[in-house]
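The following note sets out a few points for a colleague who is about to examine this structure. Please read the points alongside the sequence and coordinates.

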Amino acid sequence: MKDGGTGTEDEDVVMDVPLLAIVKVPSLFIDTVDITFDMEVKSSSSQKESEDKAGKFSADMEAGWGCFSIKVHVEGSVATHKENTRSSDNSAKYHVEVHASDKGMPEGLARVMDIMNSAIVPKALPKAA
């Protein structure tokens, strides 16, 4: 189709392009993964046992022989105290970082864009005799 006097001509162009060549798959590209996730886990336990024991003894005795007499008083006590303490502490730290980046336009789409760009450039037509 000719344009009236400007020297340009319109041209219809049909292009068959595979869809996967112009669409990004996947759309988000994971470039690097650094496992450095910050988390602190603590576990502690404590156990305490206590035991007290006590005992007491008391005795009185009296004896006599003629004009002599004897009186005896015996007293005693025993006490014990026992204590056990046990504790443990477990902890861990983790640090996770994930870096995601967009790698830009797919190669197929870039080529189609180049073809379309070169197709819309005006071309000079030879002058009719």
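1. A residue is called exposed when its relative accessible area is over 50%, buried when it is under 20%, and partly exposed in between. By this cut-off Lys48, at 58% relative accessibility, counts as exposed.

2. The model is a predicted one. The mean pLDDT of the protein is 76, and 78% of its residues reach 70 or more. Confidence is lowest in strand β1 (residues 29-34), with a mean of 65, and highest in strand β3 (residues 68-94), at 84. Where pLDDT is low, the predicted coordinates should not be read in detail.

3. Two salt bridges are found in a search of the whole structure. In one of them, the side chains of Lys48 and Glu83 meet at 3.6 Å, N to O. Lys48 belongs to strand β2 (residues 39-65) and Glu83 to strand β3, so this pair ties together parts that are 35 residues apart in sequence. Glu83 is partly exposed, at a relative accessible area of 44%.

4. Lys53 also forms a salt bridge, with Glu51 as its partner; their closest N and O atoms are 3.3 Å apart. Lys53 is exposed, with a relative accessible area of 52%, whereas Glu51 is partly exposed, at 34%.

5. Tyr94 is placed in strand β3 and is partly exposed, with a relative accessible area of 46%.

6. On the surface, Glu9, Asp10, Glu11 and Asp12 gather in a patch of negative charge. Glu9 lies in the segment before α1 (19-22) and is partly exposed, with a relative accessible area of 45%.

Definitions and conventions. Residues are numbered from 1 along each chain as its sequence is written. This is a predicted model: local features need pLDDT of at least 70, side-chain atom pairs count only at pLDDT 80 or more; totals for chains, interfaces and linings use all residues. Side-chain values use heavy atoms; hydrogens and water are left out. Patches are made of residues with over 30% relative accessible area and no salt bridge: like charges are joined within 9 Å, nonpolar side chains (Val, Leu, Ile, Met, Phe, Trp, Tyr) within 5 Å. Accessible areas come from the Shrake-Rupley method with a 1.4 Å probe; for residues, only the protein chains shown count as cover. A salt bridge is a side-chain nitrogen of Lys or Arg within 4 Å of a carboxyl oxygen of Asp or Glu. Lys and Arg count as positive and Asp and Glu as negative; His and the chain ends are not counted. The place of a charge is taken as NZ of Lys, CZ of Arg, CG of Asp or CD of Glu. Helices (H or I, at least four residues) and strands (E, at least two) are DSSP runs, numbered from the N terminus. Buried means under 20% relative accessible area, exposed over 50%, partly exposed in between (1.4 Å probe, protein chains only). pLDDT is the predictor's confidence in each residue, from 0 to 100.
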